Each structure stands twice: as C-alpha cells, then as structure tokens.
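Hi everyone, thanks for making time for this one. Let me put the sequence and the structure up on the screen, and then we can walk through the strands together.

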Amino acid sequence: MDKEEVEMSIARKAPTKKPPLKACRECGTLNLREASQCSNCGSPNLTDDWEGIVIILKPNSSIVGSKIGVDKPIMRAIKVAGRIV
Ligand SMILES: [Zn+2]
C-alpha cells in the first residue's frame, strides 16, 4: 500500500476535513495556518504534519487537562510529525 492509498483509507474512516491549522513541533499547540510562531511557546517550528486534536476549555475541571498538566485553555495536536506530544 503506497502513501496515497493509506491517506485515502484514513480519509474514508474520518470524512471530516482537516482544519487549516499548523502544529508546534515543540509543544504541540495548534496555531492558525497564517501564524509564523507558536502562540503558546513562541517557537517558529510549525508543521502541517499532525494528527488528532485535544481541546481543553476548562483545565481546572478536566481530567485530561490534569493528566497532561495544563493550566489554561488549549488546542493541541496529539501527534506531530509522527511523534506523540
Ligand atoms: Zn509551541
């Protein structure tokens, strides 16, 4: 199976279009595509190669938020460039 076939099979399982966001390679925070640096850590190291989204609106009452240690609302990728962040 080549890369295109893999992408097509993923697309069939997840028909929603990927939002136009870029993930920070340093901290995983998702930023607007136009951004030149990460809104969380300021790194310019952003990539389109990410998968999965974690959105935490209320970190103080979020089990996931306490597990990953966030203290403010975030929108973060789960995987960036094949690595879980
Ligand atoms: Zn960052």
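Let's start with a question: in which sense do strand E1 and E2 pair, and over how many bridges? The sense is antiparallel, and there are 3 bridges between E2 and E1, the latter covering residues 21-24. Please keep in mind as we go that this is a predicted model.

E1 belongs to an open sheet of 3 strands, ordered E2-E1-E3, with antiparallel pairing. At the edges sit E2, residues 30-32, and E3, residues 46-47, and each of these pairs on one side only.

Let me stop at one residue, Lys22, which lies in strand E1. Is Lys22 buried or exposed? Lys22 counts as buried because 22 other C-beta atoms lie within 10 Å, and the cut-off for buried is 20 or more. If we leave out residues up to four places away in sequence, Lys22 touches Asn31, Arg33, Ala35, Leu46, Thr47 and Asp48. For those of you who like distances, the C-alpha atoms of Lys22 and Ser36 are 9.6 Å apart, with the two residues 14 apart along the chain.

E4, residues 50-56, and E5, residues 74-80, run antiparallel and are joined by 6 bridges. In that pairing, Ile56 has Ile74 of E5 opposite. E5 is also joined to E6, residues 83-84, by 2 bridges, again antiparallel, and here Lys79 stands opposite Ile84. E5 and E6 make a hairpin with 2 residues between them, and if you are checking torsions, look at Ala81 in the turn: its phi is positive, about 50°.

So what about the nonpolar residues? The largest nonpolar core has 8 residues: Ala23, Cys24, Leu30, Cys38, Leu46, Trp50, Ala77 and Val80. The elements giving two or more residues to that core are E1 and E5.

I'd like to finish on one of those core members, Val80. Which residues is Val80 in contact with, setting aside neighbours within four places in sequence? They are Ala23, Arg25, Gly28, Thr47, Asp49, Trp50 and Val85.

Conventions
Residues are numbered from 1 along each chain as its sequence is written. This is a predicted model: local features need pLDDT of at least 70, side-chain atom pairs count only at pLDDT 80 or more; totals for chains, interfaces and linings use all residues. Two strands pair if DSSP finds at least two bridges between them. Helices (H or I, at least four residues) and strands (E, at least two) are DSSP runs, numbered from the N terminus. A nonpolar core is a set of buried Ala, Val, Leu, Ile, Met, Phe, Trp, Tyr and Cys residues joined through C-beta atoms within 7 Å. A residue is buried if 20 or more other C-beta atoms lie within 10 Å of its own, exposed if 12 or fewer, and partly exposed in between; C-beta atoms are placed from the backbone. Two residues are in contact if their C-beta atoms, placed from the backbone, lie within 7 Å.
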